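User: I'd like to go through this model with you and ask what stands behind each label. Could you set the values against the definitions as we go?

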Amino acid sequence: MALLVFLLSLGAIAGLPGRALLALLRVRAGLLEQAVVSLALGLVGSAAAYWLLAFLGLRPLFWLWPPASGLLLFRLREAGPRRAPEEGARGDLAAVGALVVLAVAALAFAPFYYRNLAPTRDGGLTFYALPDLVLHLSIAQELTHAVPPTVPFMPGTPLSYHYGADLVLALFSAVPGLGLPDVAARFVPTLFFALALGAAFVAARAFGLGRAGATACAFLVVFGEDFSFLPALLRGAPPGEPWAVTMLQAPTVVSLFMMNPMLPALGLLFAALACLARFCQGRGRGHLVAAVALAAGLVDVKVFAAAQLLAALGIAALVALWRMRDRRLLWATLAVAALVLPRLFLTASGEVGPTRVTVGLSSFVPDAVVNLGLRGTALGAAVFDLLERGRLTPWSLLAVLAASVLYLALAFGLRCLGLPGVLRALGLRDPREAHRLVLASFVLLGPVLALGLQILPSSAARGPEAYNNAVWFLVQSKYLAWVFAAERLGAWWLSGSTLRRAGLVAGVLALSLPSTLQFMRLQFAAGPPALDRRLVEVAAFLRAHEAPGRVVVAPESVGGPLISLAPCRSPLPDALFPHFRGRLPGIRERVDAFWDAWDYGTPIEAPLRALGPVDLVVARPRRASPAGVTEVFRNDALAVYRVARP
């Protein structure tokens, strides 16, 4: 029943508005391309409408948006020309459908998705309590009642973060009959995978690939990995760790199966490129407006993808203006910049405190030298001679260059087949091929930015929180590089015999899937852990009996699940989200001081006031409530106490 409700709401929330926007822009496209682009536009448009109305305090008026879109679509379709179905549409639909079925089969075993947030026989709930899950679920809970949102685990702190994917979760969870667990773990991830696969397919078709090449492109974008399996098999790798993460540190598949906004960003990115390609091919300005709108939506889903797309557009626009005397990409760049740059600055300045960007060789190359077993060689010695001792010599520079080329060759893996296509795109002079210049610029920018920048929160120290976010530029380039590689593979497919085609498929699978399969074996072997029934009961009590936005003080093992399952906030110490360290100085000490007073029976008023406005305390049941709080719920493991406000 919930699935039927979701499908109906998907048609109303994304399908109707998207089709209406395409009709308004007079965009004419094939059946599959129209479905994919309208879905992407509909999600962006509906999320923007929901956000704006919620910000104005008019959230209930959002439900007028779908019927208004339907009425607009009806009027525009009646006035517009009919388009005959294009040849080969059924074959394209079948190819994408088969890929979606494959993705669904993978999701069924993924611990973060179909098996997650599912009821257990004893009344508990499966819950994979890694930071990404708690982060995105808690933000989605926050968005159901607060726009703009605050940081759920830092009550009162404004949130500046690319939370567009979480806004989609909040939007669908507001539909009667749908709950956030089903929406977040099952329905919306399936939607995002279908959008990513479909958008990659139609973008490949728009870039001139045949059905075989487009199918290979879409499959490899989602399931293809790099050559990290080579050093892992030759030298060995840390047990229980994904090869793509530990050996080269730039995985593409891992983030798609771990609730990272990179998944929905892929759909918007490829859909924007498909629209841009159609515009450059002379299909009308409506495609350009659609591409600009999707790029603007991308900034609130994955800010690094929007920044890289804007930079690639700018480079391609200057080259097109100089070489082709074509101003179209320049206008597109200015339009995207006007919508994207303000959000980029807001995110960079406020997500986790000021962001520190430094120029210099990042750690990916020297780490790879160690992982490849080259630390003790002449090459490794020269690399570290420059990096650690600052000894600049021709040999050390050559060694760093050689190590960087080796790293990138392994990191791109089979995508290196597309390098000739990338280089040819740089020399194009036909304005109808300007979109290939944008794609080539995007692919080449990634390695330069990832290897030459360090992007860290200013408060980050050494350790997991010092993760260099510049790696996303390389990862995004790897996704898009499959278009050029699949173009080469498609040409080989068309020119080969049956035997050669079979060998081609076997070779592609053998070189692109080992790291993917190893990651899936690790992740899918063990099911997600379960939350205790009594903790689930507390979350249900908070949802049913407390107003959204209540601040709850709870032990860290309890607070994370509570802000994920109920629309509340909880001041959590920085261990759960180490990359936020320094944003609220002393939070660990204040929380520990409160629990010391609570556990030892000393007065709690002063440490409670030090935490700021607090509405509820969740803790082990006590015989008598401490002064200043009143018990309002209890089971045999946990109790909820309401704090008396002065």
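User: How many cavities of 30 Å³ or more are there, and what makes a space a cavity?

Analyst: There are five cavities of 30 Å³ or more. On a 1 Å grid over the protein atoms alone, a cavity is a set of points where a 1.4 Å probe fits but cannot get out, whereas a pocket is an open set with protein on both sides within 12 Å along at least five of seven lines; lining residues have an atom within 4 Å of a point. Grid points are joined across faces, edges and corners, and a volume is the space filled by probe spheres set on the points. One caution before we go on: this is a predicted model, where local features need pLDDT of at least 70 and side-chain atom pairs pLDDT 80 or more, while totals for chains, interfaces and linings use all residues. Residues are numbered from 1 along each chain as its sequence is written, and side-chain values use heavy atoms, without hydrogens and water.

User: What lines the largest cavity?

Analyst: Its volume is about 140 Å³, and 14 residues line it, with Ala-165, Leu-169, Phe-192, Met-259 and Asn-260 nearest its centre. H6, H7 and H12 each supply at least two lining residues, and H7 gives the largest share, four. These labels are for helices (DSSP runs of H or I, at least four residues; strands are runs of E, at least two), numbered from the N terminus.

User: How do you know which class each residue of the second largest cavity's lining belongs to?

Analyst: Ala, Val, Leu, Ile, Met, Phe, Trp, Tyr, Cys and Pro count as nonpolar, Asp, Glu, Lys and Arg as charged, and the others, Gly among them, as polar. The lining consists of Ala-272, Leu-273, Leu-276, Leu-288, Ala-291, Val-292, Ala-295, Leu-309, Leu-313, Ala-332 and Val-336. In the largest cavity the lining has 11 nonpolar, two polar and one charged residues.

User: And what surrounds the second largest pocket?

Analyst: That pocket has a volume of about 840 Å³ and is lined by 37 residues, of which Val-44, Ala-48, Ala-296, Gly-297 and Asp-300 lie nearest its centre. Two or more lining residues come from each of H2, H6 (164–173), H7 (180–206), H12 (262–280), H13 (285–298) and H15 (328–350). H2 provides the largest share, nine residues. By class there are 30 nonpolar, five polar and two charged residues.

User: Why is the span of H2 said to agree with expectation?

Analyst: The expected span of a helix is 1.5 Å times one less than its number of residues. For the 25 residues of H2 that gives 36 Å, and the end C-alpha atoms are 36 Å apart, so the two agree. H8 (residues 211–223) can be checked likewise: its 13 residues reach 18 Å, close to the 18 Å expected.

User: Why are Trp-51 and Phe-55 called stacked?

Analyst: Rings of Phe, Tyr and Trp (its six-membered ring) pair if their centres lie within 6.5 Å; planes under 30 degrees apart count as stacked, over 60 as edge-to-face and the rest as tilted. There are 18 aromatic pairs by this rule. Trp-51 and Phe-55 are 5.1 Å centre to centre with 10 degrees between the planes, so they pass both tests and are stacked. The two are four residues apart in H2 (residues 31–55), about one helical turn. An α-helix has 3.6 residues a turn, so residues three or four places apart point the same way.

User: What makes Trp-51 and Phe-55 partly exposed?

Analyst: Buried means under 20% relative accessible area, exposed over 50%, and partly exposed in between (1.4 Å probe, protein chains only). Trp-51 has 25% and Phe-55 has 46%, so both fall in between. H2 itself is mostly covered, with 18 of its 25 residues buried.

User: How do you know that Ala-200 is buried?

Analyst: Its relative accessibility is 0%, so Ala-200 counts as buried. Ala-200 lies in H7, and its C-alpha is 7.4 Å from that of Val-221, 21 residues apart along the chain. Val-221 is one of the buried residues of H8.

User: Why does the charge of Lys-302 count as sitting over a ring?

Analyst: The rule asks for NZ of Lys or CZ of Arg within 6 Å of the ring centre and within 35 degrees of the ring normal. The charged end of Lys-302 is 3.5 Å from the centre of the Trp-472 ring and sits over it.
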